[in-house]
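Here are a few friendly notes to read alongside the model.

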Amino acid sequence: MPNKTPARRLTPGPDRDKIAQDLKKKYDSGASIRALAQETGRSYGGVHRLLEDAGATFRSRGGAPRRTQS
């Protein structure tokens, strides 16, 4: 597991709103929550909460069904 920096709690305000909107834009463009969490050094739950606060519409879980080889 990579070394993470200590948690950075975002207090409500313009900085938090900007980060949330930036994450929402990337998520809406197709980035996964896990990828955004890794990119920002935040937890999955923290990114999810920021996206929720930004009004993101969450995609359903999982990808396309896997095809079995015959």
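Which exposed residues does the face of α1 turned away from its buried side carry?

1. Please keep in mind that this is a predicted model. The outward face in the question carries Pro14, Asp15, Lys18 and Lys25, which are exposed.

2. Now for the helix itself. Helix α1 runs over residues 14-28, 15 residues in total. From its first C-alpha to its last it reaches 21 Å, close to the 21 Å expected at 1.5 Å a residue. Following α1 comes Gly30, with a positive phi near 120°.

3. Turn next to the buried side. Arg16, Ala20, Leu23, Lys24 and Tyr27 are the buried residues in α1. Looking down the axis of α1, you will find them within an arc of 105°, so they line one face of the helix. Their cover includes α2 (33-40) and α3 (44-53).

4. How do α1 and α3 pack, and at what angle? Two packed helices are described by the angle between their axes and the distance between the axes. For α1 and α3 the angle is about 95°, and their axes lie 8 Å apart. An angle from 65 to 115 degrees counts as roughly perpendicular, so α1 is roughly perpendicular to α3.

5. Finally, look at who meets whom. From α1 come Arg16, Ile19, Ala20, Leu23, Lys24 and Tyr27, and they meet Val47, Arg49, Leu50, Leu51 and Asp53 in α3. Sorted by class, this contact of α1 with α3 has seven nonpolar residues, four charged ones and no polar ones.

Terms used:
Residues numbered from 1 in each chain as written. Predicted model: local features only at pLDDT ≥ 70, side-chain atom pairs only at ≥ 80, totals over all residues. Heavy atoms only, no water. Helix = DSSP H or I, 4+ residues; strand = E, 2+ residues; numbered from the N terminus. Expected span 1.5 Å × (residues − 1). Buried < 20%, exposed > 50% of the residue type's maximum accessible area, 1.4 Å probe, protein only. Arc of directions from axis to C-beta. Contact = heavy atoms within 4.5 Å. Axes fitted to C-alpha atoms, helices over the stretch in contact; angles between N-to-C directions. Parallel < 35°, antiparallel > 145°, perpendicular 65-115°, else oblique. Nonpolar A, V, L, I, M, F, W, Y, C, P; charged D, E, K, R; others polar.
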